[in-house]
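Have the model open as you read.

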Amino acid sequence: MRKDYILAKRKYAISGFVCIIVIIYLVRLFNLQVADDKYKENADSNAFLKKVIYPARGLMYDRNDKLLVFNQPAYDVMLIPRDVAEFDTLALCDVLNLTRTEFDSKWAEMKNPRKNPGYSAYTPQKLLSHLSAQDYGRLSEKLYLFPGFFIQKRTVRQYSFPVASNILGNIREVSAADVERDRYYRSGDYTGDLGVEKSYERQLRGEKGMEILMKDASGRIKGKYENGIHDIAPVSGRNLKLSIDIDLQIYGEELMKGKIGAIVAIEPSTGEILALVTSPNYDPSLLVGKDRGKNYSDLVKNPYKPLYDRSIQGVYPPGSTFKPTQGLIFLQEGVITPSTAYPCYRGYVNGLRVGCHGHGSPISLKPALQTSCNAYFCWGLKNFIDRKGGKAADQLTKWKDYMVEMGYGYKLGVDLPSESRGFIPNSKYYSESFRGANWSANSIISISIGQGEVLATPLQIANLCATIANRGWFYTPHIVKEVSDTVIDSSFRKKHTPKIKRNYYEMVAEGMRMAVLGGTCRGANIPGVEVCGKTGTAQNPHGKDHSAFIGFAPYRNPRIAVAVYVENAGFGAAYGVPIGSLMIEKYLNGSISSGRKGVEERMLNSNTILSSGVKKH
C-alpha cells in the first residue's frame, strides 16, 4: 500500500509539472502571436509600409470670428531602418543642408531608445523635422537615391498676430511620458503645450489616418494596397472660438509694454474672458520650427520670465482692491450697517497703528470705499474677529468661508493649465504661526486691507469685480466660447452665488461709483460712461509698491469688468487706474476719446521696469 501511494503521488506530481510546462508554452505562444506586435510588425514591414496621415489641427478664432491660429504644411524626413540600404551619406547631408557631424548626431539620437522610446528597426522613425520648402523640394527630386527614406507631411501652427501667447499656447514633440500615458501618440508626434493648445488638446488634435502601401522584394513602393480600400482617412481637429476680443488683447499688451504685471478683463454676464494679458510676453511664433528649442531656452533664461503667466499664475497681495470683500462680509454679519462710522485720523490706532491718508472722519462704508480708508476696514475686522461671545478662531473660519465663496483661496477652474490658487489664511495657520499662543484681530489686522498673508491672482481679483458688477453672482471665468459651434461645457454655465445679500453688493457698487466721481479713481472717468472702480496700492517688501485697480462699466447692465496689476509701479492711481480705464473705454467705444489721448500716450510710452530700478524678477 505504501508503495502504491508513493507511485500515485509521483504520477500526480509529473502530471502537474507537465501541465505547468504546457501552460507556460501556451502563454508564451499567445504573447508571441497575439499580444506582442513585434513579429507582426516584422512580417508586415516586409510587404507593407503603413504611413500615418496626420489630421489638420483645429483652428482658433476670437469672439468676433477673427482667425488667430491656423496651419501651414511641414515636412519630416522619415525612414524604416531595416529597409535602409547603402547610400551616399555626404550626398544626403548636402541635400538636407547638414554637416556630417549633425547628421551622425541625429542618427544616433534616432536609434537611442532613451531619447526615442519604442524605437524599432521595422517601423517608421523620424530623422529630421521641419524641412524648409527648399530642402523638401531638393529631397523630393532625389529621394530615389536613398532607399528606405520617405517624407512625412504634417502641419505646424501659424499665428495671425504676435500676441496672446499665454492664451494660445504652442505645440511640442511628445515625451516618453506622453506616449506612455496616451496610446494615441507615438514617438515624433506633437501635442499641445501651455495655454489652450494644452487644455483643449483632445478636441484640437483630431484623429490620425493610415495609408497602406505595398513594397516589392527590394523594399520599393509599388502603390496602394488593394487600391486603398483599407486606408483610413484622418479626421480634422475641432475648431475653437475663444472668448477673447483680439483687438482688446493687442491693446492691453501694448499698454503693458515696459511693465511687469497683468490685465484681466471679463464679461460679467457670461464669465467669458475678454482679455488676459501678462507682461512681459513673447511672440508665439518663436516656438514654431527648427529654432523652437533655442528660443524656448532663451525664454526660460530671461530674467523677467515671459513664460510665466502672471494673469493666472502670479500671486500678489491684492491691497485695497480687497476692501469691497470686507465691506460685504461686515454687512452680512451685522458688524456694520450702511451708516456705521469709524474714526480715522490718518490711520487705525488700537494698540498698533495702520497708516492712512487724509480724508473726513469718522467715515461710513461708501465714503470709505470712495477714499480707500484703511482704518474703516481695520475697525470692521477687529469688531468681527473679536466679537463678544465668539472665539477668534471660529470667527476667522467664518471669514475664510466667505472669501472662498467669493472666489479666493482656491483655483477658480479657468480652462487654462497652471492656474494658481492664491492664499487665504485660516485659524490653523495662525495657531501654528503664533506657536499656539492666543491671537486676536490686532495680530492679523493687515488682512483687512489685502495685505499680510493674503495672496490672490489677477484672475481672482477680476472675478470679484465681475461679481460686484452682477450684484452678487459669477460664472467661472473661461477662455473658450465654442468648440466647433457647440456651446462650452456646462460647468462654465453654473452660477456661483456667495451667501451675501444682493442689496449689500449694490451698496459696494455705489461706493465704487463714488470713487470714480470724486475719490481715488477720478482718473477712471470716461465721457458718457458710468464707471465704477477701486484702487489698490499693495505694499511690497522687496521694493516699490504695486499699482492695482478693479473697475466695471457701465454702472447698470455692466459689459466689462477689469483688474490691472502693475508690479513696482507705486500708487494704484498712477498706473492701475489709467490702464484699466483705457481698457474699458477701448472695449465699450472702440477707440479712445480725444480728451484722453494724453493719458493713453503716457501709458503706452511709460516703462516701470526702468523707473522702479528692478533688474530681475
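## Terms and model

Buried means under 20% relative accessible area, exposed means over 50%, and partly exposed lies in between (1.4 Å probe, protein chains only). This is a predicted model, in which local features need pLDDT of at least 70 and side-chain atom pairs count only at pLDDT 80 or more, while totals for chains, interfaces and linings use all residues. Residues are numbered from 1 along each chain as its sequence is written, and side-chain values use heavy atoms, leaving out hydrogens and water.

## A loop residue

By that scale R559 is partly exposed, at a relative accessible area of 42%. R559 sits in the loop that joins β20 (546-553) to β21 (560-566); strands here are DSSP runs (E, at least two residues), numbered from the N terminus.

Contact means heavy atoms within 4.5 Å. Not counting residues up to four places away in sequence, R559 touches I266, E267, P268, L274, A553, P554, Y587 and L588.

## Nonpolar cores

A nonpolar core is a set of buried Ala, Val, Leu, Ile, Met, Phe, Trp, Tyr and Cys residues joined through side-chain atoms within 4.5 Å. The largest has 96 residues, and V196, L242, W399 and M406 have the most contacts inside it. Setting aside neighbours within four places in sequence, the contacts of W399 include F322, F384, P425 and V454. A second, separate core of 33 residues includes A275, V529, I560 and L588.

Definitions and conventions:
Helix = DSSP H or I, 4+ residues; strand = E, 2+ residues; numbered from the N terminus.
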